[in-house]
Structures are given as structure tokens and as C-alpha cells.
Amino acid sequence: MPRQPRIAIDGLTQHVIQRGNNRHACFLQEQDYRCYLQHLLEAAIQHQCGIHAYVLMTNHVHLLITPSAA
């Protein structure tokens, strides 16, 4: 069952978790981490989100993000 949509409130900081499919590894090489961070930066700029913290684990990612608009 998919999770319910997030409540989007301007300026509300959110803890976002991304997991690999069936908890499989998302990152296999160091280059994979760099590529993810580059895409994350581009998305944060495009969608005007502040990224306060991130943790990149082998099979999942934790992000602390604040969107400027819902």
C-alpha cells in the first residue's frame, strides 16, 4: 500500500526518506553518491527547497528539507 501524500505547508521542514526497491542498494560506487548529490542540488534549486541535512546510506537516503512553497 503506498503512503499517503505529504502535507505541503510553506516553510515546514520535512524529513524525507528514499529507499531502494525492495531495500536493495541504491549506491554501488562512489560516483553514484556524487551523481545523486548533483541531481539533489539541481532539484533543490529548481523547486526552491532548502536542504539542511542529508545522509546517504548504501540502500537509502535521509533528507531534511524545507520547501519555500507548497
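Reader: Which residue with a positive phi follows H1?
Author: Gln-48. Its phi is near 55°. Keep in mind that this is a predicted model.

Reader: How many residues does H1 have, and what span is expected for it?
Author: H1 has 17 residues, 30-46.

Reader: Which residues of H1 are buried?
Author: Tyr-36, Leu-40 and Ala-44. They lie on the same side of H1, because they cover an arc of only 70° around the axis.

Reader: What do the buried residues of H1 pack against?
Author: Three strands: E1 (14-19), E2 (49-56) and E3.

Reader: And which residues are exposed on the other side of H1?
Author: Ile-45 and Gln-46 are exposed there.

Reader: New topic, His-60. Which strand is it in?
Author: His-60 is in E3, which covers residues 60-67.

Reader: Is His-60 buried or exposed?
Author: Buried. Its relative accessibility is 13%, and the cut-off for buried is under 20%, so His-60 qualifies.

Reader: What does the His-60 side chain make a polar contact with?
Author: The side chain of Asn-59, at 2.8 Å.

Reader: Leave out residues up to four places away in sequence. What does His-60 touch then?
Author: Gln-18, Arg-19, Cys-26, Phe-27 and Val-55.

Conventions: Residues numbered from 1 in each chain as written. Predicted model: local features only at pLDDT ≥ 70, side-chain atom pairs only at ≥ 80, totals over all residues. Heavy atoms only, no water. Helix = DSSP H or I, 4+ residues; strand = E, 2+ residues; numbered from the N terminus. Buried < 20%, exposed > 50% of the residue type's maximum accessible area, 1.4 Å probe, protein only. Polar contact = N/O pair within 3.5 Å; in protein donor to acceptor, adjacent residues only side chain to side chain. Contact = heavy atoms within 4.5 Å. Expected span 1.5 Å × (residues − 1). Arc of directions from axis to C-beta.
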